[in-house]
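Open the model in your viewer and keep the selection tool at hand. Each stop below says what to pick and what is there.

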Amino acid sequence: MINFEYQNPTRIIFGQGAVKKLSSEILKYGKRVLMVYGGNSLKRSGIYDLITTQLSQNQITWAELPGVTLPSLEIVYEGIRIAKENKVDMVIGIGGGCCMDVAKSVALGAAGSVDIWDVLDGKIPWTRCDVLPIGTVVTIAGSGSEMDGNSEIDNLETGVHGSIGSYMKTYPAFSILDPDLTASAPFKLKAYHGVCIIIQALEQYFCDTQDTPIQDGFIETICRTVICSLKMLQKNMDNVNARGQLLWAGALVTNRILGRGKAAPWMAGPLGSIIEEKAGLDYTTGIAITFPKYMKVCYKDCLPLFVQFAINVMNINPERKCDNQIAREGAEALQKVFDDLGLAHSLKELGKDFKSYEEFQEEIDAYAAKGVIAKEDLQEIVQLSIG
């Protein structure tokens, strides 16, 4: 295990009815808030009325940044404008990771006069910036943004990705994890986001660092819990305990505790991005297709951990099997879990007309240059992902 420092300032308010505490948390910081949320589902589900009624009853005024379906720089600029015009005291991200990430960048941009893109693009250090207080209300478990300081934002005009990473001031002051608020999301959406929890945990698990039994044990437990919870929800969407388990797993997955003391390569996002743009996929679909293929191809890169995962998480019987076979069976078992949940197995299954990895060669070369996964392995992963 390597040296590390760890701190997490986010207050977690968990459980059925937890959303009722939203106003009391907001009032610790002021009486004017900006609500950042996504599409019409918030209003169709009744969550919007539930929250705004509570705010009104507590004399809290609010401005809104609706329609946040992509974490784009354009929507961040709009949020900053609204926040400044309304002199808000706090920014609340309501929804999934996209809304929470946008809320963080809006809170930073609205607190001062810096151009937020200069921060996201690395021209201005985060440590020089003030940030408005941030809160989150989670309506879909998966991203982990409710308990980390990260904000991932895309400049759609230039195609450049910007980010704020683990800045203590952009950690939410509080996050509300109420399983009742996740009830209305369809199963397939829950499944893709649940698989995102598993993958984000495993990309901190599969690395060269040795002797991290506490971190590895956390990750294995999270993976088993998410798989079990998704299978329960597949049978019964009213299972409150399963929804709650997903919420807690999602909050833990990127709050930095899983990867402390490990040199995690964080390869899932860049790996999925090889096929995402050309195939017209979102982030969760891209990683759900490519990550199991990575496991099938690259298990020898850190074989002991792949064997450990196969035995401890996927319940592979190791008797009379070599380590290579155990590792392969573990990867295949996880792929079967994804398949059984109804997730896309390949681009072919989605009706995407690709034939060869060579159609993604430019993207493969760009990622191969980072030295995380060998080019030949990336080619095989992409070919398997095509189907």
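**Before you start**

This is a predicted model: local features need pLDDT of at least 70, side-chain atom pairs count only at pLDDT 80 or more, and totals for chains, interfaces and linings use all residues. Numbering runs from 1 along each chain as its sequence is written, and side-chain values use heavy atoms, with hydrogens and water left out.

**Stop 1: the largest cavity**

Select Ile-140, Ala-141, Thr-182, Lys-190, Arg-243, Leu-246 and Leu-247; they line the largest cavity. A cavity is a set of points, on a 1 Å grid over the protein atoms alone, where a 1.4 Å probe fits but cannot get out; lining residues have an atom within 4 Å of a point. The whole structure has 1 cavity of 30 Å³ or more. The space in the largest cavity is about 50 Å³. Volumes here are the space filled by probe spheres set on the points, and grid points are joined across faces, edges and corners.

Which helix gives the most to this lining? Helix 9 (residues 240–253) does, with 3 residues. Helices (H or I, at least four residues) and strands (E, at least two) are DSSP runs, numbered from the N terminus. Color the lining by class: 4 residues are nonpolar, 1 is polar and 2 are charged. Nonpolar covers Ala, Val, Leu, Ile, Met, Phe, Trp, Tyr, Cys and Pro; charged covers Asp, Glu, Lys and Arg; the others, Gly among them, are polar.

**Stop 2: the second largest pocket**

Now select Phe-206, Cys-207, Asp-208, Ala-263, Pro-265, Met-267, Tyr-294, Asp-301, Cys-302, Gly-371, Val-372 and Ile-373. These residues line the second largest pocket. A pocket is an open set of points with protein on both sides within 12 Å along at least five of seven lines. The second largest pocket holds about 210 Å³ of space. Its lining has 9 nonpolar, 1 polar and 2 charged residues.

**Stop 3: a nonpolar surface patch**

Switch to a surface view. Select Met-1, Phe-4, Tyr-6, Ile-214, Phe-218 and Ile-257, which make a nonpolar patch of about 580 Å². Patch residues have over 30% relative accessible area and no salt bridge; nonpolar side chains (Val, Leu, Ile, Met, Phe, Trp, Tyr) are joined within 5 Å, like charges within 9 Å. Accessible areas come from the Shrake-Rupley method with a 1.4 Å probe, and for residues only the protein chains shown count as cover.

Center on Phe-218, in helix 8 (residues 213–235). Phe-218 is partly exposed, with a relative accessible area of 39%. Buried means under 20%, exposed over 50%, and partly exposed in between.

**Stop 4: salt bridges**

The structure holds 15 salt bridges. Each is a side-chain nitrogen of Lys or Arg within 4 Å of a carboxyl oxygen of Asp or Glu.

- Pick Asp-148 and Lys-104: their closest N and O atoms are 2.8 Å apart. Asp-148 lies in the loop between strand 5 (134–138) and strand 6 (151–155) and Lys-104 in helix 5 (residues 97–110), so the pair ties together parts 44 residues apart in sequence. Is Asp-148 buried or exposed? Asp-148 is buried, at 4% relative accessibility. Lys-104 is buried too, at 0%.
- Pick Asp-340 and Lys-336: this salt bridge is 2.8 Å, N to O. The two residues are 4 apart in helix 13 (residues 323–340), about one helical turn. Asp-340 is partly exposed, at 45%.
- Pick Asp-353 and Lys-355: this salt bridge is 3.3 Å, N to O. Asp-353 is exposed at 58%, and Lys-355 is exposed at 62%.
- Pick Arg-11, Glu-25 and Lys-28: salt bridges that share partners join them into one network.

**Stop 5: positive phi**

Go to Ser-166, in the loop between strand 7 (160–164) and strand 8 (174–177). Phi of Ser-166 is positive, near 55 degrees, in a residue other than glycine. Ser-166 is partly exposed, at 29%.

Next, select Asp-211, in the loop between helix 7 (187–205) and helix 8. Asp-211 is not a glycine, yet its phi is positive, about 60 degrees. Asp-211 is exposed, at 64%.

Find Gly-17, in the loop between strand 1 (11–14) and helix 1 (22–26). Gly-17 is partly exposed, at 24%. Draw a distance to Ala-366: the C-alpha atoms are separated by 47 Å, and the residues are 349 apart along the chain.

Definitions and conventions: Buried means under 20% relative accessible area, exposed over 50%, partly exposed in between (1.4 Å probe, protein chains only).
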